[in-house]
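Hello,

Here is the structure I promised to pass on to you. Have a look at it first, and then read on for what I found in it.

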Amino acid sequence: MRAFLIACLGAMIVAPALAEEKPIELKKAPDVEKFAASCGSCHSLDYIEMNSPFLNAAQWDAEVNKMIRVFGAPIDEADAKAIADYLKKNYGS
Amino acid sequence: MITRRSFLEAARSTATFVGGSLLLPRGTEAAANQSGLKLSPLLPEGTRAEAVLDSLPGKKPLIKLTYRPPNYETPLEYFRTAITPNEAFFVRYHLPNIPEVDAKTWKLVVGGEGANSQAELTLDDLQGMPAEEIVAVNQCSGNRRGLFRPHVPGVQWGYGAMGCARWKGVRLKDLLEKVGVKKEAVEIVFDGADKPLLDKTPDFIKSIPIWKGLEETTLIAYEMNGQPLPHYNGFPARIIVPGWTATYWVKHLTSIKIVTSSERGFWMSPAYRIPLGLFPLAARFSSQDTPANTPITEILVNSLITSHTDGASVKAGATTSIAGIAWDGGYGLRAVEFSTDDGKTWLTATMGVDLGRFAFRTFSFPFSGNSKGKQTVMARATNRIGQTQTTEPIHNPAGYHHNVIHSITLNVV
């Protein structure tokens, strides 16, 4: 456990997932848990940093909407807003 | 195999977090970009930070862009030969539920409303049919997407979402003739064993026009470079559409349907579209056209310098051989040219062995670094119908068809 904690440092938090999947560092900010639980159940969270920091607020809104409307993510309106806000503030341009 | 339930449970358990306050300062973090990777500075900053070398089961360390679904690109050094090794071949999935297919129980169903009859084949049945072999490039539509400016959302591929293999399998045409194609048939629809986690997520279903399905070169492949297909490249069988981008090369194939109206699923429309009129289009997929766009089809002519990485050092006063690969959508290459004066003058490179019109073809040219310092080297391929590479990216909403002339800077020392 100690080794794990040492690996998960500072201002970041870590979301480990499946066996082969290494922990993904996430920026710690309000609603990070909501974001990680909602988005991380279908895809690894490295998708976010990979697509950063170039997406603007409207583009992050569009990505969250696409996940709900096209891919059927079961996320209600309030959570969608919280997730989009987290992405815009921490991974936006 | 990961079931949906175990998967969701695993995912749920990830919602527990470690707080930041009690932990050590950031300086000792194992930063992602310390994995020895040299990624193009054109890629997004976040991509360069998160990408790592990582091995999937049965694969060499590849450039991991995303873990789940797995999206891994091939490092440059594997493109020094015309054939890309199976264990270094890139991996691209849209859906996270990827079953390990059992070859003994696997079945391929062929039918649809545009077929006169149905057939069900085992792997033994398929391997008992007359076999065909072809060397062909499998290139992701979004290869090099990460190099577009402004950046386009999606998997931020660098240069390695492609590979070239010798594929062995059965002609799709032979299977289609087995069931009989009705005259009103318009498309052939493919589905594979990889599935979404949520019922509402569109399954990855792709179609090609009948004319393409009847071409001698379109195969159902069960071998890649003399071996069974690796799991992550579509075991036990996948569709091979030489000349067309990898989106049509459906992996873990389970179903082939001949249909009489165009497939309208998400992965055909609006996904994988290019605006009409923006790119040269010889092969048309007209049953899928809209007034605004059309499916991406052929791979555009392209080349890549692979003997040296950007920033590599070469000796002054000596002649160095610079080499790479070139390819196109199957028209065949007319020439590869190189320039050492920022594109002012171009000379013809020497072409390597020809493995067929759909294959990577190696090329090389001599470089003499007479004066010390930085020197730019460029390569440009032209195909037999006169298409060549662009000097600037042609920006498009999904970031497809990047075939900008590859340029590297050498340090003459």
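**A helix in chain A**

Let me start with helix α5 of chain A, residues 77-91: at 1.5 Å a residue, its 15 residues should span 21 Å, and the end C-alpha atoms are 20 Å apart, which agrees. Please keep in mind that this is a predicted model.

Which residues of α5(A) are buried? They are A:Ile83, A:Ala84, A:Tyr86, A:Leu87, A:Asn90 and A:Tyr91. These residues cover an arc of only 155° around the axis, so they sit on the same side of α5(A).

What do the buried residues of α5(A) pack against? Their partners in chain A are β2 (24-27), α2 (32-40), α3 (46-50) and α4 (57-69).

**Chain B as a whole**

Now to chain B, which has five helices and 25 strands. Its radius of gyration is 22 Å, close to the 22 Å that the globule rule gives for 413 residues, so chain B is as compact as a globular protein of that length. The C-alpha trace of chain B spans about 70 × 65 × 45 Å along its principal axes. Of the 413 residues in chain B, 47% are buried. If you take the contacts in chain B between residues at least 6 apart in sequence, 68% of them join residues at least 24 apart.

**A sheet in chain B, and a helix on it**

One part of chain B to look at is an open sheet of five strands, in the order β6-β5-β14-β9-β10, with mixed pairing. At its edges are β6 (119-121) and β10 (205-209) of chain B, each of which pairs on one side only. On average, neighbouring strands of this sheet are turned by 15° against each other, direction ignored.

Within the sheet, strand β5 (residues 108-111) of chain B pairs with strand β14 (residues 253-259) of chain B in the parallel sense, over three bridges. To find this pairing on your screen, go to B:Val109, whose bridge partner in β14(B) is B:Ser255. Helix α4 (residues 172-179) of chain B packs on the sheet, where it touches β5, β6 and β14 of chain B. The direction of this helix makes about 60° with that of β5(B).

Best wishes

Conventions
Residues are numbered from 1 along each chain as its sequence is written. Chains are lettered from A and ligands numbered from 1 in the order in which they are written. This is a predicted model: local features need pLDDT of at least 70, side-chain atom pairs count only at pLDDT 80 or more; totals for chains, interfaces and linings use all residues. Helices (H or I, at least four residues) and strands (E, at least two) are DSSP runs, numbered from the N terminus. The radius of gyration is taken over C-alpha atoms; the globule rule is 2.2 Å times the number of residues to the power 0.38. A residue is buried if 20 or more other C-beta atoms lie within 10 Å of its own, exposed if 12 or fewer, and partly exposed in between; C-beta atoms are placed from the backbone. Two residues are in contact if their C-beta atoms, placed from the backbone, lie within 7 Å. The expected span of a helix is 1.5 Å times one less than its number of residues. The arc is that of the directions from the helix axis to the C-beta atoms. Two strands pair if DSSP finds at least two bridges between them. Axes are lines fitted to C-alpha atoms, for helices over the stretch in contact, and angles run from 0 to 180 degrees between N-to-C directions.
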